[in-house]
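Hello,

Here is the structure we discussed handing over. Please load it first, then read the notes below.

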Amino acid sequence: QVQLVESGGGLVQPGGSLRLSCAASGSSFSTYVMAWYRQAPGKQRELVARITTGGSTNYADSVKGRFTISRDNAKSTVYLQMNSLKPEDTAVYYCNAARGLLLSTVGAGSWGQGTQVTVSS
């Protein structure tokens, strides 16, 4: 098992930036596929970005070109750099760790507690 703690959320103006961090504790962080999801009130949870053990990434179309996911295996931490934020980015952002790509795609594995991102209008 791995335990995840997100940080870095907050209130920002449209066009601003935030960097979210997800610190992992437990075994073998480098073997996990990591992902960021978000959920806005009244909406379904959606994948924002994913990074594999080999460093391959993919993004939701809505954030492509604005957000960047990265990982530092030495620090057991995954990041989400969010630039050019829009009001529609407002959501609770969750970190996920899964033991493989298939498990990651179905949202299996460990989840953090979430961090609130609010982009004012």
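**Overall size and fold**

With 121 residues, a compact globule would have a radius of gyration near 14 Å, and the chain agrees with this at 13 Å. That radius is taken over C-alpha atoms, and the globule rule is 2.2 Å times the number of residues to the power 0.38.

Two notes on conventions. This is a predicted model, where local features need pLDDT of at least 70, side-chain atom pairs count only at pLDDT 80 or more, and totals for chains, interfaces and linings use all residues. Residues are numbered from 1 along each chain as its sequence is written, and side-chain values use heavy atoms, with hydrogens and water left out.

The C-alpha trace spans about 40 × 25 × 25 Å along its principal axes. The chain holds 11 strands and 1 helix. Helices (H or I, at least four residues) and strands (E, at least two) are DSSP runs, numbered from the N terminus. In order from the N terminus, the elements read β-β-β-β-β-β-β-β-β-α-β-β.

Of the 121 residues, 42% are buried. Buried means under 20% relative accessible area, exposed over 50%, and partly exposed in between (1.4 Å probe, protein chains only). The accessible surface of the chain is about 6000 Å², and carbon and sulfur atoms own 49% of that. Areas come from the Shrake-Rupley method with a 1.4 Å probe; for residues, only the protein chains shown count as cover.

Now the contacts, meaning heavy atoms within 4.5 Å. Take those with a separation of 6 or more: 57% join residues 24 or more positions apart.

The chain carries 11 positive and 6 negative charges, and their mean positions are 4 Å apart. Lys and Arg count as positive, Asp and Glu as negative; His and the chain ends are not counted. Each charge is placed at NZ of Lys, CZ of Arg, CG of Asp or CD of Glu.

**The disulfide**

The count is 1 disulfide, defined as a pair of cysteine sulfur atoms within 2.5 Å. The partners are Cys22 and Cys95, with their sulfur atoms 2.1 Å apart. Cys22 sits in strand E3 (residues 18-26) and Cys95 in strand E9 (residues 91-98), so the pair ties together parts that are 73 residues apart in sequence. The torsion about the S-S bond of Cys22 and Cys95 is about -85°, so this disulfide is left-handed. Cys22 is buried at 0% relative accessible area. Cys95 is buried too, at 0%.

**Arg66 and two serines**

Arg66 lies in the loop between strand E6 (57-59) and strand E7 (67-72). Arg66 has 11% relative accessibility, so it counts as buried. Leaving out residues up to four places away in sequence, Arg66 touches Gln81, Met82, Asn83, Ser84, Leu85, Lys86 and Asp89. Arg66 and Asn83 are 17 residues apart in sequence, with 5.2 Å from C-alpha to C-alpha.

Ser84, one of those contacts of Arg66, is in the loop between E8 and E9. Ser84 is not a glycine, yet has a positive phi of about 50°. Its relative accessible area is 42%, so Ser84 is partly exposed.

Ser76 also has a positive phi of about 50° without being a glycine. Ser76 is in the loop between E7 and strand E8 (77-82). At 21% relative accessibility, Ser76 is partly exposed.

Val119 belongs to strand E11 (residues 115-119). Val119 is buried, at 5% relative accessible area. Which residues does Val119 contact, leaving aside its neighbours within four places in sequence? They are Val12, Gln13, Pro14, Leu85, Lys86, Pro87, Asp89 and Thr90. Val119 and Val12 are 107 residues apart along the chain, but their C-alpha atoms are separated by 5.0 Å.

Gln39 is in strand E4 (residues 33-39). Gln39 is partly exposed, at 33% relative accessible area. Not counting residues up to four places away in sequence, Gln39 touches Gln44, Arg45, Ala91, Val92 and Tyr94.

Best regards
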